[in-house]
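Student: Could you walk me through this model? I'd like to go one question at a time.

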Amino acid sequence: MSHWIILPVMLPALVAPFIILAARYHIGIQRVFSIAGVLALIAVAAGLAWQASDGTITLYQLGDWAAPFGIVLVGDRLSTIMVLLTAVLALMVLLYAIGSGWDDRGRHFHALFQFQLMGIMGAFLTGDLFNLFVFFEVLLIASYGLMIHSGGNARLRAGVQYVLFNLIGSTLFLFALGAIYAETGTLNMADLAQRVQAIDASETVGIRVAAVLLLLVFAIKAALVPLHFWLPSSYAEAPAPVAALFAIMTKVGAYAIIRVYTMVFPPEFEATAGLHGDWLLAFALLSLALGAAGVLAAQKLDRMVTFAVISSMGMVMVTISLFTPESIAAALYYIIHSTLAAATLFLIVDLVKSSRPHLELTPTPAIGGAVLVSALFFAGAIAMAGLPPLSGFIGKLLILQASFSTDAMTWVFATVLIASLVNVVGLSRAGSIVFWKAKSVAPAADAPEPQKPPALSCVAVGGLLALLTAHTVFAGPIHGYMTTTAAQLFAPAPYIATVLDTPGKLSKPKEGN
Amino acid sequence: MNFEVIELYITVAFLLIGAVFTMVAAIGLLKLGDPMTRLHAPTKAATLGIGSFLLASMSYSFATSEGSFHEVLILAFLFVTAPISANFIAKVNIHKRSCDMPDAPTKDAMWSTMDVPEGDRDIEVRPDP
Amino acid sequence: MTFALELIQMTLYLGFAVLAISQLMAMVRLVIGPSTGDRILALDTMVMNAIGLIVLLGITQGTSVYFEVTLIIAMLGFVSTVALARFVLRGDIIE
Amino acid sequence: MGRALHWLFPHPLLTVILTIVWVMLQNEVSAGMVVFGVILGIIIPRATAVWWPGRPEGIRAGKFLVYCLIVLWDIIIANIEVAWIILTKPNAKLRPKWVEVPLDLRQPEAITILAGTITLTPGTVSADLSNEGRSLLVHALDAEDANAVRDEIKNRYERRLKEIFQ
Amino acid sequence: MEFLVASAIGVLTSAGLYLLFRMRTFPVILGISLLTYAVNVFLFASGRLSTGAPPILQKGVEGVIYSDPLPQALVLTAIVISFGMTAVVVMIALGAYLGGDDDKVNDAVEPSSKRAEDAT
Amino acid sequence: MSLFLIVALPFLGALLPGLMNSAGRQACAGITFVVSLSAFIGLLTNAPAVLAGEVVTVGVDWLPILGLNFNLMLDGLGFFFALLILGIGLLIIAYARFYLSRDDNMGEFFTYLLLFQGAMVGIVLSDNILLLLIFWELTSLSSFLLIGYWKHLPEGRQGARMALTVTGMGGLAMIGGMLILGQIAGSYDLSVILQNRELIQESPLYLPALLLILLGCFTKSAQFPFHFWLPHAMAAPTPVSAYLHSATMVKAGIFLMARMWPVLSGTPEWIAIVTTAGLITMVLGAVIALFKHDLKALLAFSTVSHLGLITMLLGTSTAFGAMAAMFHILNHATFKAALFMSAGIVDHETHTRDIRKLGGLRHLMPITFVIATLGALSMAGIPLLNGFLSKEMMLEEVYRTELFGSVWLVPGLAVLGSLFSAAYCFRLIAHTFLGPKRDDYPATPHDPGAGLWMPPAILVVLVVVIGVAPFVAEPFIKTVTASVLGGVVDVPKAYFKIWHGLVPALYMSVIATVGGLIVLAIFKPLLKGWDAAPRPEAKVIFEGLVEAIVALSQRLVRPLHDGSFTRYSLFAAVAIVGAGIYAWMTGTVGEATRTMQPAGIVPIAGWLMLVAAAIAMVFLHRNRLLALILMGICGLMVSVGFVYFSAPDLAMTQFTVEAVTIILLLLALNFLPNRSPIESSAFQRSRDIAVAVVGGLSTFALTYHYLLRDAVQPTISAFHVENSYKGGGGTNMVNVILVDFRGFDTYGEIIVLGIAALLIYALTESLLGGPVRARLLNRKPDQPRAGDMHPMMMVVLTRVMMPIVMLVGFYIFLRGHNEPGGGFIAGLVVSIGVVMQYMASGFNWTTARLRYPYHGVIGAGVLIAGLTGIGSWFVSKPFLTSDFTYVRIPPFNEFELATAAFFDLGVFLAVVGAVMLALESLSRLARRQQMPDAEHPMDIDPSREDIPSSMTAKGEL
């Protein structure tokens with residue numbers, strides 16, 4: 001029995017209570033354990049990804065109960081790559097949090113961080129819809145804690161809205177789950193995929209509504225317009241490392257949509273046909289456009305980045321909503337890029353913030369380490385706007401290419417390209433004001449010498465940029481991997497068979513099928 | 001007429017008693033005109049009514065199966081807690097001035113509920129309608 | 001025996017009806033108030049009636065599965081009442 | 001030895017009550033259950049003893065039992081009275097009154113039992129204590145004479161409680 | 001019976017939604033709570049309704065009908081989780097209120113800053 | 001040298017100047033020069049092969065699925081451009097070394113310059129159009145940095161952003177065009193695309209592709225109507241202008257048109273668009289240039305004009321036109337770079353570039369005068385200079401060109417353009433250098449050191465050499481032209497020579513030159529007319545456009561994201577309900593398969609209560625306490641409903657949670673206002689009601705639908721019913737599901753609870769550590785508080801009740817596996833017992849006697865649950881695999897030992913810890929100042945000797 005696959009969930013789940021129990025009062029020990037945990041996580045995740053790379057689907061039956069009766073964790077290419085991405089991102093974010101001292105500005109940062117990781121990992125790995133809900137809640141509640149970490153009134157106010165909106169989302173999730181159980185009598189995704197096939201064409205209302213509700217749940221997570229309202233102020237107000245970690249949270253929604261709508265309600269599935277493709281695409285394009293407009297309209301640097309995130313999620317969703325193997329592969333490539341780029345930019349904004357009185361887009365005296373920070377910002381902005389040489393450009397090319405043979409091509413092309421331009425304009429405007437115009441503002445006479453950003457923080461940001469570079473340079477193999485991943489998603493039979501035909505406690509192996 | 005049947009009739013009796021007292025409690029709650037008098041009805045009539053139901057359940061269980069007596073526990077709970085609830089609600093009524101105020105006690109300075117902390121005495125009381 | 005059982009059925013229905021009606025009456029009192037004390041009292045009464053309802057349900061179904069529920073409602077209903085009253089009295093229920 | 005016993009049984013009566021409650025919860029009387037109940041009856045009071053400092057001394061159990069029976073009887077009788085009042089008497093004819101009952105009792109436990117008794121016996125609700133605990137405020141639903149109510153309470157219940165709690 | 005349950009869910013949802021659109025955190029939280037009730041009952045109802053069939057195995061008795069235990073377990077989990085969430089949102093709302101002396105759920109409009117620089 | 005290295009050298013070298021910055025300006029410029037020179041030499045090593053007509057290619061796969069590969073090729077065209085880029089680059093570097101002042105960060109400058117150089121070289125060497133796109137965008141980015149180099153100048157910043165915006169726009173359009181092109185051709189490799197002329201031109205997608213690609217080219221090469229950014233880019237330091245606008249950036253568009261010439265040109269669309277745009281640009285640029293007083297602006301518009309000229313030549317789609325274009329590119333690069341540098345020298349020495357303030361510099365700066373004059377005359381098309389040659393070729397070409405059916409249109413406009421071109425060149429010479437010496441120069445001008453004049457001088461030598469001996473350049477230009485033509489047509493046989501005889505081109509040339517002189521003569525009245533004439537300023541229009549877009553997006557985005565949660569939730573609700581209704585409407589509804597069960601009086605009454613409570617809550621929610629009580633009723637009714645529908649576990653959970661929630665909300669309400677004011681308008685309320693009612697009806701319909709139908713297949717819970725005793729060892733199926741079948745859910749659930757508590761604790765800490773603390777301590781209640789903080793009766797009751805509650809909790813915990821109950825409910829019950837104690841005797845008194853830190857309890861609970869799960873690893877079973885056995889120890893009955901019980905213990909502890917930590921934190925917030933130390937569990941205790949006097953103030957009230 002190999003237990004590797006549960007480790008990404010269990011490792012943080014054990015580190016966190018340990019920190020609470022043993023190291024509540026020692027930030028140093030907390031840091032050591034947190035870093036060690038994340039490093040171990042990366043190792044495990046890399047191992048899992050390697051294991052899954054040849055197409056192996058790893059099944060883990062919790063409590064030894066066979067699916068669909070018990071909960072299973074399933075590691076395939078998609079879930080393991082997401083796990084790996086999360087772990088790597090977590091390391092950078094953690095380094096930054098430690099470097100900048102963010103983790104010491106409130107209680108329980110590391111414990112909440114670990115729990116957050118646990119939630120995300122669980123959400124990626126689980127093969128059961130209700131369990132997905134539970135992990136959503138774990139990651140959400142930890143995110144609430146992280147979001148309001150170190151307090152402050154603006155942050156708390158944003159926090160209230162964030163939590164309330166997500167509570168609506170959780171409620172909706174339960175509605176969707178209830179509908180799904182009422183309609184099909186199961187919760188396991190693989191089982192669901194089989195059962196929905198039995199639905200009669202004369203009775204599609206139930207499953208249609210269930211499918212749409214579920215889609216909306218994930219759309220909320222993915223910050224799809226008009227369900228994105230939770231994102232701007234919460235990400236802008238959240239502590240930078242937290243916002244950077246949140247970059248992966250929106251991707252959880254995207255992941256879930258990919259997972260459920262390729263396996264359970266695939267595009268060719270009659271009863272729900274026409275539900276997600278067209279509408280999702282329309283709203284994804286809207287997100288893309290609105291996010292770009294927000295970048296242009298923003299008056300604060302942090303708000304601008306949040307809109308860039310919305311825009312980039314719109315991009316992801318546009319690609320996903322085409323639902324072809326090619327587009328999913330492109331989406332996966334872009335998801336990685338978008339996660340890293342958003343995280344990078346959030347961290348850089350924090351570097352700016354740490355030596356600037358505010359983040360309004362008005363000129364202030366030059367910030368500490370301006371040359372370095374502006375160079376980092378330039379790189380981050382390039383990544384976010386999808387300009388070469390970083391991976392965003394390649395991602396964009398892939399996305400456009402994927403939309404070629406579809407009906408929506410014109411729309412996709414127009415929106416993606418115009419939105420990119422708007423992003424470029426907005427980001428260059430901001431950079432020019434913050435970094436260039438600063439040169440023409442003399443610091444106040446009694447102003448203290450601006451502080452250089454801490455080295456560890458810069459290492460973290462640099463690490464993220466290095467990852468982005470690697471993502472670009474190795475675009476070939478990475479995209480190749482994503483293509484095989486998408487292929488695996490569009491041929492779910494082995495997945496379903498692995499999940500459903502593996503016997504567990506007290507159940508006999510399935511005979512035939 | 002065997003023992004079981006008698007128990008069944010006892011059950012019926014308890015049920016009837018329970019129904020009557022529960023009804024009385026409800027009527028009292030609705031009918032009586034003053035918060036303090038209203039307090040009288042539910043705290044005991046309802047307690048007794050529900051108590052009867054519990055006893056009915058007990059006797060019914062003795063009539064139909066092995067019998068159980070854990071209902072007594074709930075009964076005890078109700079009887080023990082009802083006075084405290086009533087006491088608190090009475091205090092609320094006094095504090096909110098929603099009933100006639102009692103005269104000051106003869107032995108001590110005042111009733112404890114009215115013994116408002118010094119810091120709060122200048123705050124205006126917002127009585128209930 | 002059967003007559004007794006039928007009688008029990010009837011009285012049970014009576015009991016249900018009484019409880020239902022008294023719940024509604026309590027609800028009326030709760031809504032019209034007028035004093036906070038009345039409202040807390042109404043809630044308390046409704047909790048009691050709920051206990052009665054569950055007990056009668058237990059009799060109807062001939063099961064004692066609902067015992068724990070009743071027990072807990074009895075215990076916790078009291079705590080809620082006290083908490084509400086304390087809130088009115090002191091503002092702070094734990095001080 | 002005494003101290004050890006005291007440590008083990010901070011409130012012997014509580015131990016008894018808990019054992020009884022346990023057996024009732026189990027809804028069956030068996031040796032195992034009783035033993036288990038006793039064990040719990042020792043552990044739980046021990047664990048919560050910090051919150052019950054001191055213990056009421058010298059309670060006479062026998063008299064307490066009698067008292068309980070009297071109260072039970074009163075509850076039933078008086079409930080009927082109250083039901084009658086509620087159902088028949090118009091509100092205007094009610095004569096609600098505040099009654100002050102001066103207390104001779106001193107132990108909090110005793111006063112509490114008295115107050116509870118007053119509330120359960122219909123017609124009266126104990127509403128408040130004076131600020132030094134020497135009087136009890138009682139509300140009577142329908143009383144002609146406040147003094148009569150006070151005297152009945154003092155004679156029927158407080159006297160007995162005084163005997164029980166010496 | 002089904003009609004009653006369904007309509008009760010509908011009413012709870014309606015009331016919850018209405019309160020959700022209020023402007024103070026407290027009613028909004030109450031609205032969320034009502035929605036939570038609604039969804040819990042809905043989830044529960046997804047196992048269909050049955051009376052007198054608690055999912056407690058009766059040993060040695062054959063042919064007993066049990067109500068669907070799975071939704072019950074799910075609802076239990078959901079109740080607990082939503083309790084945790086409620087506690088958190090109450091606390092955060094409280095923190096926001098204490099910091100700003102204002103329990104409005106809507107943030108004040110961002111103070112519009114001066115014009116930054118020409119657009120180009 | 002490998003092509004890879006040629007492209008990579010500038011990029012790799014770009015790091016060096018930045019690093020060498022501290023080593024001094026000399027080192028900085030030197031290393032840059034060396035880097036550039038190496039690339040240049042590397043390029044030259046490939047010259048023999050290229051000049052022999054070979055195409056040098058190298059390639060490596062990058063993203064083969066996309067068709068994006070790192071393929072480079074070097075043919076005549078690429079070589080030509082690379083030569084210009086690197087060659088002029090070398091001169092610019094040398095020039096910049098002396099031009100930049102000491103305040104300028106030289107390392108930064110050269111880094112940008114090398115980046116730019118690399119990107120340009122990349123463009124011209126790309127064999128893959130996607131790769132080309134990447135380099136294309138890189139030039140936009142690096143030119144952005146270069147133009148904005150002087151960050152303190154607003155013009156610099158604005159010019160940089162305008163350049164980025166316009167060229168970025170073109171670049172993005174080009175992405176679309178290139179992708180379409182690649183899709184048509186089936187490959188993104190140029191070598192493949194260039195072979196597919198017919199395929200591409202016949203495709204229905206040809207026109208969109210053409211338009212998008214041309215948009216890219218035109219923006220980059222500043223063709224009308226995108227010409228306006230280029231003059232504003234002049235805010236950059238002069239070396240940058242010289243580099244960007246003579247040889248490199250703006251030529252990128254031209255390069256691409258030349259590159260795509262074989263496949264795109266020749267169609268009517270191409271001819272119409274490209275020729276027209278070129279022609280307009282040429283004339284317009286020339287006219288504007290004439291009236292510019294800023295030397296650099298004049299040169300910039302002249303660049304615009306000349307680019308138009310080249311574009312027009314490419315647009316004619318003839319081989320001769322292409323050859324003329326190539327030749328003019330070369331010539332333009334030489335004289336324009338020289339002119340820019342001269343202008344820079346003038347600026348450097350006189351501290352002004354305003355022609356009106358200059359004049360007579362001939363005497364003071366003879367060397368500069370010679371260089372500039374030769375350059376300008378070449379630009380004007382005076383014989384014996386190279387400009388003349390290509391202009392003649394141009395005129396010859398246009399003479400043959402017919403556009404829109406008119407044979408006069410193109411030649412006429414071309415002559416007009418040349419005329420103005422000559423005019424501004426003459427003006428440049430006359431007004432800057434000729435005329436009398438003035439005494440009001442902002443600085444005293446004199447010729448600079450050789451470092452500054454040498455680079456333009458070298459270029460001017462080239463100007464003269466080619467002008468005098470055109471045959472020197474002929475083979476080279478023909479090789480280049482051959483690679484432009486890509487074999488579609490043959491290279492024209494025409495020879496490059498100064499004298500072609502009395503051909504129409506000569507007449508036209510003469511007209512232009514003479515006209516130019518006349519225009520210069522009547523310049524003053526013309527200028528007056530020009531200044532008086534209203535004309536649209538492209539920059540203003542563009543800025544207005546961008547402003548408008550910004551304003552529009554602000555108007556769109558701001559009000560939408562103004563922090564109004566009410567609107568957010570409304571949007572969300574409408575979206576969700578709308579989507580649900582849509583899905584419903586488009587589906588099919590089948591027959592009901594279940595019958596409705598009859599409803600008795602109890603469900604109806606319960607329903608009434610629930611509905612009444614919910615509706616009452618809507619109407620009465622402003623009274624918060626009442627709303628809370630009503631919520632309690634809803635909870636109560638829901639749990640009674642759960643009992644009615646056979647879910648005792650749920651009922652218990654619901655009710656206990658309800659109780660704790662109420663306590664929690666009461667604790668919070670203590671701080672919050674007790675009433676909600678009316679804030680919404682009647683319209684808002686009716687709108688909200690409408691949404692709410694529609695939402696409610698939808699939920700109702702959905703529920704009703706499901707309740708009357710069976711699931712599509714039997715539910716999976718049949719397995720649970722069957723196996724909960726066999727495999728899970730418990731008869732309470734719900735509990736077995738919770739701790740065994742789906743124990744992982746429960747594990748997540750307790751973690752949620754634990755986090756909730758931690759969060760509340762952390763927030764409390766941060767609040768108490770912050771500015772809120774003082775306010776909390778001095779908080780005044782809005783209602784007087786009743787006396788008797790810790791009522792005696794409550795305390796006494798608690799003393800008995802709490803142990804009993806604990807006992808009940810224990811009982812429920814033990815029974816959970818088989819009867820309703822379980823660790824979760826037990827945890828809540830026990831917590832409520834402790835809360836009772838808190839309520840009775842107060843926070844301080846209770847906490848002082850508490851032995852267990854709640855943090856630890858939570859941690860322990862989560863750990864126990866987790867470790868129980870891990871325990872099964874040791875028997876090679878998956879996480880949370882349960883096992884159980886029955887044991888019998890007299891006098892006890894047989895009882896069950898199950899690992900699930902340990903898990904449940906973890907649940908229990910986590911719940912107790914979490915609930916208590918949350919409540920404790922909240923009540924810790926409520927500590928006021930001067931809180932009396934709690935010595936006694938109750939306030940009034942007649943048995944105590946010391947009657948408390950702190951609380952009593954006799955005689956008052």
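Student: What percentage of the 120 residues in chain E is buried?
Tutor: Keep in mind that this is a predicted model. A residue goes into the buried group if its relative accessible area is under 20%. For chain E, with its 120 residues, that group comes to 78%.

Student: Which pattern does chain E follow along the sequence?
Tutor: Start with the inventory: chain E has three helices and zero strands. Reading along the sequence then gives α-α-α.

Student: How far apart are the end C-alpha atoms of residues 73-98 of chain E?
Tutor: UniProt, in an unreviewed entry, puts "transmembrane region" at residues 6-21, 28-45 and 73-98 of chain E. Residues 6-21 of chain E are 94% helix and 0% strand, with end C-alpha atoms 23 Å apart. Residues 73-98 of chain E are 100% helix and 0% strand, and there the end-to-end C-alpha distance is 38 Å.

Student: Over in chain F, is H21(F) parallel, perpendicular or oblique to H24(F)?
Tutor: Helix H21 (residues 409-432) and helix H24 (residues 504-521) of chain F pack with axes 7 Å apart, at an angle of about 45°. Roughly parallel would need an angle under 35 degrees, and roughly perpendicular runs from 65 to 115. So H21(F) is oblique to H24(F).

Student: How many nonpolar residues does the contact of H21(F) with H24(F) have?
Tutor: On the H21(F) side, the residues include F:Val415, F:Leu419 and F:Phe426, and they meet a set in H24(F) that includes F:Ile511, F:Gly515 and F:Leu520. By class, the contact of H21(F) with H24(F) has one charged and five polar residues, and the nonpolar count is 13.

How values were computed
Residues are numbered from 1 along each chain as its sequence is written. Chains are lettered from A and ligands numbered from 1 in the order in which they are written. This is a predicted model: local features need pLDDT of at least 70, side-chain atom pairs count only at pLDDT 80 or more; totals for chains, interfaces and linings use all residues. Side-chain values use heavy atoms; hydrogens and water are left out. Axes are lines fitted to C-alpha atoms, for helices over the stretch in contact, and angles run from 0 to 180 degrees between N-to-C directions. Helices (H or I, at least four residues) and strands (E, at least two) are DSSP runs, numbered from the N terminus. Angles under 35 degrees count as roughly parallel, over 145 as roughly antiparallel, 65 to 115 as roughly perpendicular and the rest as oblique. Contact means heavy atoms within 4.5 Å. Ala, Val, Leu, Ile, Met, Phe, Trp, Tyr, Cys and Pro count as nonpolar, Asp, Glu, Lys and Arg as charged, and the others, Gly among them, as polar. UniProt positions are given in the numbering used here, feature names are shortened, and annotations may be inferred rather than shown by experiment. Buried means under 20% relative accessible area, exposed over 50%, partly exposed in between (1.4 Å probe, protein chains only).
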